[in-house]
Amino acid sequence: AAVSLSTAYAVGDVFKVKHSLHRSVLDAKGFYLVYFGIIALAAALVLIPGSPLGLLTEAVQTWLACCCRAQPCSCCCCAMTA
């Protein structure tokens, strides 16, 4: 849930659409479309018979670890250019 929500917020930032859980679905259609789309994709992956759930879990955790390590570097770069 955290990955899909943060991705929906990031997509909203990039494409300059209204994005917040405090807005209604009608007010932030793009945000909720991305959010629910990612959740549906994750559910479809998990419901595939014989899918390697352990491998999927480790892949998501690895992806998050890489993103969290890259974040301080990108914040420093943005602060230096501002």
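Predicted model: local features only at pLDDT ≥ 70, side-chain atom pairs only at ≥ 80, totals over all residues.
1. Start with the packing. The buried residues of helix 1 pack against helix 2.

2. Now the overall plan. The protein has three helices and zero strands. Read from the N terminus, the order is α-α-α. Of its 82 residues, 11% count as buried. The exposed surface comes to about 6400 Å², and carbon and sulfur atoms supply 74% of that area. Look also at contacts between residues at least 6 apart in sequence: 32% of them join residues at least 24 apart.

3. Helix 1 comes next. It has 13 residues. From first C-alpha to last it reaches 18 Å, close to the 18 Å expected at 1.5 Å a residue. Which residues of helix 1 are buried? They are Ser 4, Ala 8 and Gly 12. Seen down the axis, the buried residues fall within an arc of 75°, so they line one face of helix 1. Ala 2 and Val 14 are exposed on the other side of helix 1.

4. Check the end of helix 1 as well. Just after this helix, Lys 16 takes a positive phi of about 55°.

5. The aromatic rings deserve a point of their own. The structure holds five aromatic pairs. Why does the pair of Phe 31 and Tyr 35 count as stacked? The ring centres of Phe 31 and Tyr 35 are 6.2 Å apart and the planes lie at 15°, so the pair is stacked. The cut-off to remember is that planes under 30 degrees apart count as stacked.

6. Where do these two residues sit? Phe 31 and Tyr 35 both lie in helix 2, residues 29-47. They are four residues apart, about one turn of the helix. Buried means under 20% relative accessible area. Phe 31 has 1% relative accessibility, so it counts as buried. Tyr 35 is buried too, with a relative accessible area of 14%.

7. Step back from the single pair. Ring pairs link Tyr 9, Phe 31, Tyr 32, Tyr 35 and Phe 36 into a cluster. Find Phe 31 and Tyr 35 in the model, then trace the other members of the cluster, including Tyr 9.

8. Last, take Ser 51. This residue lies in the loop between helix 2 and helix 3, the latter being residues 53-81. Is Ser 51 buried or exposed? Ser 51 is buried, because its relative accessible area is 17%. Its side chain reaches the backbone oxygen of Leu 45 at 3.4 Å. Leaving out residues up to four places away in sequence, Ser 51 touches Leu 45 and Val 46.

Notes: Residues numbered from 1 in each chain as written. Heavy atoms only, no water. Phe/Tyr/Trp six-rings, centres within 6.5 Å; stacked < 30°, edge-to-face > 60°. Buried < 20%, exposed > 50% of the residue type's maximum accessible area, 1.4 Å probe, protein only. Polar contact = N/O pair within 3.5 Å; in protein donor to acceptor, adjacent residues only side chain to side chain. Contact = heavy atoms within 4.5 Å. Areas by Shrake-Rupley, 256 points an atom, 1.4 Å probe, with all protein chains shown as cover. Expected span 1.5 Å × (residues − 1). Arc of directions from axis to C-beta.
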